[in-house]
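Me: I'm new to this and would like to learn how to read a protein model. Can we go through one together, feature by feature?

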Amino acid sequence: MITTIVRITKYGWQNFTRNAWLSTATIAVMVLALSVFLGLVMFNVMTGTIISSIENKINISVYFKANTAEDDILNVQSQLKSLPEVASVDYISKDQALATFEEKHQNDPTISQAIDQLGSNPLLASLNIRATNPNQYQIIADYLNNNSSIQPFVEKISYAQNAGIIDRLNRILTIAQRGGIGLTILMALIAMLITFNTIRLAIYSNRESITIMRLVGGSNFFVRGQFLVEGAVYGIVSAIVSMVLMAPVIYFISPYGTTLVPEMDMWHYFVSHSPLLFLYELLFGVVLGLVSSFFAAGKYLRESQA
Amino acid sequence: MIIFQNVSKTYKGNGHSSVALDNINFKINPKEFVSLVGKSGAGKSTIVKLIIGEERPTKGRIIFGSYDVTRLKSNELYKMRRHIGTIFQDFKLLTEKTAFENVAFALEAAGAPQTEIAELVPKALEMVGLSNKAQNFPREMSGGEKQRVAIARAMINNPDVIIADEPTGNLDPINTAEIINLLLKINELGTTIILATHNKDIINHINRRVISMENGQIVRDEEQGKYILF
């Protein structure tokens with residue numbers, strides 16, 4: 001059995017190396033398909049970063065009346081924290097709010113002077129709330145508005161002012177996520193079909209050899225095995241070439257992505273995740289190569305039989 | 001031993017059917033040299049295809065040694081084929097393999113050990129006079145050389161039978177004579193030979209058993225026959 005597997009591997013490798021033009025053409029198409037696949041992985045990472053970056057910018061702030069005791073605010077904070085829809089609640093005291101405000105406007109002497117002249121802190125204490133899911137801000141806002149133990153302390157809730165924008169952002173995010181998934185499935189399907197047909201064509205040119213091998217006593221396993229090895233080699237070589245070719249592409253477009261979303265560094269992601277990305281490509285390429293070869297060789301094996 | 005019992009073969013397609021073999025009966029004994037003769041379309045190649053299991057009969061039974069060819073599943077055919085050497089008019093060599101590899105393939109497929117391959121393949125190539133072309137690819141060889149590689153491949157497994165379907169159809173008279181002499185030599189060593197041909201000179205020269213066919217039927221079966229034109 002080991003001898004047979006060694007011979008099958010030898011023949012698969014021979015088929016690959018001795019049909020140089022056919023192998024090159026097949027690999028060229030597979031590299032394109034795998035690069036599309038890698039592009040999709042990068043696209044999903046990119047949209048994921050953009051979405052989480054936007055999500056992080058959405059929050060609700062509850063401003064408390066100036067005379068509200070800090071204990072009452074902290075009580076509201078712990079009530080909110082117990083809600084499953086709430087991811088985090090940050091307390092910003094009047095003093096913290098003033099410090100942040102002054103820091104933000106330190107280069108604007110008019111505002112600094114105005115604050116000084118007031119003599120007291122005009123800013124309100126607030127709770128900054130982040131939801132676990134952007135769709136849940138409405139639920140949190142309703143909770144704040146309808147809770148009679150919280151209402152007496154509340155001066156204003158920022159959600160009412162930003163509801164329209166948050167709602168629109170939510171819709172855009174949902175569409176982007178769904179579109180991303182749809183596009184990924186569609187492009188992956190196209191890449192799979194292209195790969196399948198390319199390998200089928202490569203094996204089509206070997207259909208005469210399949211018939212001959214069977215005529216001289218080759219079993220189905222012995223004949224098919226060679227093409228499975230060949231298909232796997234196509235997958236491995238294509239994955240390597242695709243990674244090498246995509247590296248400079250990602251390197252050059254990465255700065256443009258960072259301009260768009262500062263948190264996004266595609267090149268850094270590519271480098272730090274390159275073993276995993278290569279593994280994805282290898283799996284995609286080898287599995288596709290094996291499956292395509294299996295079916296294509298099977299077709300010509302059946303045709304060569306009575 | 002090969003036995004054909006009431007074998008018929010009809011090809012069907014596009015609403016038409018054509019009878020290739022019509023109720024054929026014959027028996028070929030071990031170590032015989034049998035020529036199947038007849039015009040194109042007489043049914044010679046169909047008999048060859050039926051013996052090696054490339055086609056299935058529409059009716060009847062075919063026995064090859066201990067195998068009932070008509071009942072063999074397609075994924076079991078290879079076991080029987082390892083007892084048969086085949087030679088074709090178009091050589092049917094693996095184009096991306098050298099002469100050595102083409103001959104070795106039959107042994108490798110049968111699971112022969114490497115030491116045996118290293119010993120037998122050069123001997124087979126030497127017997128067909130191609131020791132100097134062992135590392136050449138088929139595209140680097142003449143028609144006669146290719147056919148000699150095919151003969152070396154056919155005999156490498158020490159088969160019970162060698163079936164040659166128009167082996168000299170693409171060759172000049174000198175190469176034709178060499179190929180036929182090789183087949184006679186292999187037969188003398190004890191291998192049954194079935195030669196399908198429409199070459200009158202070959203048949204009349206070798207003076208062995210001749211099965212003459214016409215329109216899918218056997219019209220003559222003589223122990224030391226001649227090719228009689230109809």
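Me: In which sense do strand 4 and strand 5 of chain B pair, and over how many bridges?

Reply: Two ground rules before we start. This is a predicted model, so local features need pLDDT of at least 70 and side-chain atom pairs count only at pLDDT 80 or more, while totals for chains, interfaces and linings use all residues. Residues are numbered from 1 along each chain as its sequence is written, and chains are lettered from A and ligands numbered from 1 in the order in which they are written.
Now the general idea: strands of a sheet pair through backbone hydrogen bonds, either parallel or antiparallel. Helices (H or I, at least four residues) and strands (E, at least two) are DSSP runs numbered from the N terminus, and two strands pair if DSSP finds at least two bridges between them. Here, strand 4 (residues 59-64) of chain B pairs with strand 5 of chain B in the antiparallel sense, over two bridges. Look for B:Phe64, which sits opposite B:Tyr67 in strand 5 of chain B.

Me: What is the strand order in the open sheet of chain B, and which strands stand at its edges?

Reply: Reading across the sheet, the order of the four strands is 2-1-4-5 in chain B, with antiparallel pairing. Strand 2 (16-28) and strand 5 (67-68) of chain B are at the edges; each has a single partner strand, so one side of each has no neighbour in the sheet.

Me: Which strand of chain B pairs with strand 9 in the parallel sense?

Reply: That's strand 3 (residues 33-37) of chain B, joined to strand 9 of chain B by four bridges. B:Leu36 stands opposite B:Ile211 there. Strand 9 of chain B also runs antiparallel to strand 10 (residues 217-222) of chain B, with five bridges between them. In that pair, B:Glu214 faces B:Gln217. The hairpin of these two strands has two residues between them, and B:Asn215 takes a positive phi near 50°.

Me: Which residues of helix 6 of chain A are buried?

Reply: In helix 6 (residues 137-146) of chain A, the buried ones are A:Tyr137, A:Ile140, A:Ala141 and A:Leu144. They cover an arc of only 100° around the axis, so they lie on the same side of helix 6 of chain A (the arc is that of the directions from the helix axis to the C-beta atoms). The face turned away from the buried side carries the exposed residues A:Asp142 and A:Asn146.

Me: How many residues does the largest nonpolar core have?

Reply: A nonpolar core is a set of buried Ala, Val, Leu, Ile, Met, Phe, Trp, Tyr and Cys residues joined through C-beta atoms within 7 Å. The largest one has 109 residues, and B:Ile51, B:Val103 and B:Ala152 have the most contacts inside it. Helix 9 (residues 220-260) of chain A gives the most to this core, with nine residues. A second, separate core of 19 residues includes A:Leu80 and A:Ile129.

Me: How many residues does each chain bring to the contact?

Reply: Chain B brings 22 residues and chain A brings 19 residues. On the chain B side, helix 3 gives the most, with four residues.

Notes:
Two residues are in contact if their C-beta atoms, placed from the backbone, lie within 7 Å. A residue is buried if 20 or more other C-beta atoms lie within 10 Å of its own, exposed if 12 or fewer, and partly exposed in between; C-beta atoms are placed from the backbone.
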